[in-house]
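Take your time, and try each task before reading its solution.

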Amino acid sequence: MHETGLTCFFGPLEAKVMDVLWNREAYLTIKEVQQVLQKEKAIKFNTVMTVMNRLVDKGILEKRMEGRSSLFKPVQTRNEFLATQSKEMAYILTKQFGKTIVSHMLEELHEADESLIKQMEQKINEWRKTK
C-alpha cells in the first residue's frame, strides 16, 4: 500500500474528480469537471461521465437533475470523508493485526509533530476515563 492522499481510497482519476468537486464545494456538471481536468491533460467527456456515475453508484457522490443536466456533489466534505475512511481503516487494521499495528504506529511517531502526540495523549486519557 504505497498510495498517498486520496489515491489510498480512489483510483487516480477518481481522486482527481473528487479533488475538483471538493475544491468547488458546489454542484458541478460533468462538463465543468472535464474542463478543470482538461487543464492538466486531455480527457474525454465520456470518461469523466463514467467515473462520476461510478462514484454515484459507490455512494460517494450525489446526483440530481436540473433540466437536462446532471449535477454532482460529494455526499461528504473532504474532511468528513477522510475522517470516516481513516476510522474504518484503523478499525480494520486493529482487528486484523491487534497489538502489532499499535506498535508500528507508535514507532512512526518519531516523525510526528508535537501537536499530534499531544492529541494522541488526550485521546488515550479520555479512553482511560471511560474504562
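Two strands pair if DSSP finds at least two bridges between them. Helices (H or I, at least four residues) and strands (E, at least two) are DSSP runs, numbered from the N terminus. This is a predicted model, where local features need pLDDT of at least 70, side-chain atom pairs count only at pLDDT 80 or more, and totals for chains, interfaces and linings use all residues. Residues are numbered from 1 along each chain as its sequence is written, and side-chain values use heavy atoms, with hydrogens and water left out.

**Exercise 1.** Find the bridge partner of Arg 64 in β2.

*Solution.* Start with the strands: β1 (residues 61–66) and β2 (residues 69–74) pair in the antiparallel sense over six bridges. Next, look across from Arg 64 to Leu 71, its bridge partner in β2. Finally, visit the hairpin, which has two residues between the strands; there Gly 67 takes a positive phi near 65°.

**Exercise 2.** Describe how helix α4 meets helix α5.

*Solution.* First, take the axes, which are lines fitted to C-alpha atoms, for helices over the stretch in contact, with angles from 0 to 180 degrees between N-to-C directions. The axes of α4 (residues 78–97) and α5 (residues 99–107) come within 6 Å and cross at roughly 120°. Therefore α4 is oblique to α5; angles under 35 degrees count as roughly parallel, over 145 as roughly antiparallel, 65 to 115 as roughly perpendicular and the rest as oblique. Then list the contact (heavy atoms within 4.5 Å): Leu 93, Thr 94 and Phe 97 of α4 meet Lys 99, Thr 100 and Ile 101 of α5.
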